[in-house]
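Dear colleague,

I am handing over a structure for you to look through, and below it you will find notes on what was found. Please read them with the model open beside you.

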Amino acid sequence: MEQARARDAATSQPHASVRIPGQQGPEGRPASHSSPRVPEQARGEHTHSEPPAVHTVRRHSVRGQILDALRTALVDGELMPGTVYSAPALGERFGVSATPVREAMQQLAVEGAVEVVPNRGFRVIVRSPRELAELAEVRALIEIPVMLRLARTVPTARWSELRPLADATAAAAAVGDRAAYADTDRAFHRAVLSLSGNHQLVMVAEDLHRRSQWPLSTSLVSRRADLVADAAEHMALLEALIAQDLTVVRSLVREHFTGADG
């Protein structure tokens, strides 16, 4: 299903501004609160009672919040593919300086979500239907053999522990929350692959999965019906794994990645 939807052609989603919940003042602090004052001390002096790197912790906290907000905006289509965004402009939206925004955007560049445009900012990568289909194919090559092997070796009780994750994808899909679905979808696949004990595989699959979730210029890949269908496949797959029905597992796993035509 994922690869089948990726082949569909597309129309652009409307632009909307992005926000960080709870951000009010500069650097993510409410305007009415002042920064804690660090006691003065002699140069080079260290005491165990002093606050640990207050400003550094706050900056990284803000950067992390912005990174999460930007990822959500990418999934929701609020940051438009092909559009260039400057760190100062996004900083104004968030009510923070350009520095944590730039740091977050640089992380997204490493992840392949945006590209640096010298002296302008960052351009959101355009994910074509073909590119998403290729990502789905690579994911299938990696994940299908692992899932089939796990189906033969993992005890039923371990699969039952993943039921809340499948429920979470269904809940997000039911209300059409694309950002929440993207998070819970990755969490479900990550939990399944983690049972292999191969941390490198989990990291590679996570990167491919995240890249495949960034939006096309289309509403087709994010319709509520598509989310509900994918969530239902998660639930059906988990039930088959719990029942140790390898025939059904094999069919569902291949369907989940390749669609009806795969």
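**A contact of Arg-186**

The side chain of Arg-186 makes a polar contact with the side chain of Glu-206, at 3.5 Å; a polar contact is a pair of N or O atoms within 3.5 Å, where, within protein, one must be able to donate a hydrogen and the other to accept it, and residues adjacent in sequence count only if both atoms are side-chain atoms. This is a predicted model, in which local features need pLDDT of at least 70 and side-chain atom pairs count only at pLDDT 80 or more, while totals for chains, interfaces and linings use all residues. Residues are numbered from 1 along each chain as its sequence is written, and side-chain values use heavy atoms, with hydrogens and water left out.

Arg-186 lies in helix 8 (residues 178-194), where helices are DSSP runs of H or I with at least four residues and strands are runs of E with at least two, numbered from the N terminus. Arg-186 counts as buried because its relative accessibility is 8%, and buried means under 20% relative accessible area (1.4 Å probe, protein chains only). Beyond its neighbours within four places in sequence, Arg-186 is in contact (heavy atoms within 4.5 Å) with Glu-206, His-209, Arg-210 and Gln-213.

Turning to the strands, strand 2 (residues 114-117) and strand 3 pair antiparallel over 4 bridges, pairing requiring that DSSP finds at least two bridges between two strands. These two strands form a hairpin with 3 residues between them, and Asn-119 in the turn has a positive phi of about 65°. Within strand 3, Arg-123 stands opposite Glu-115 and is also the bridge partner of Val-84.

Technical notes
Buried < 20%, exposed > 50% of the residue type's maximum accessible area, 1.4 Å probe, protein only.
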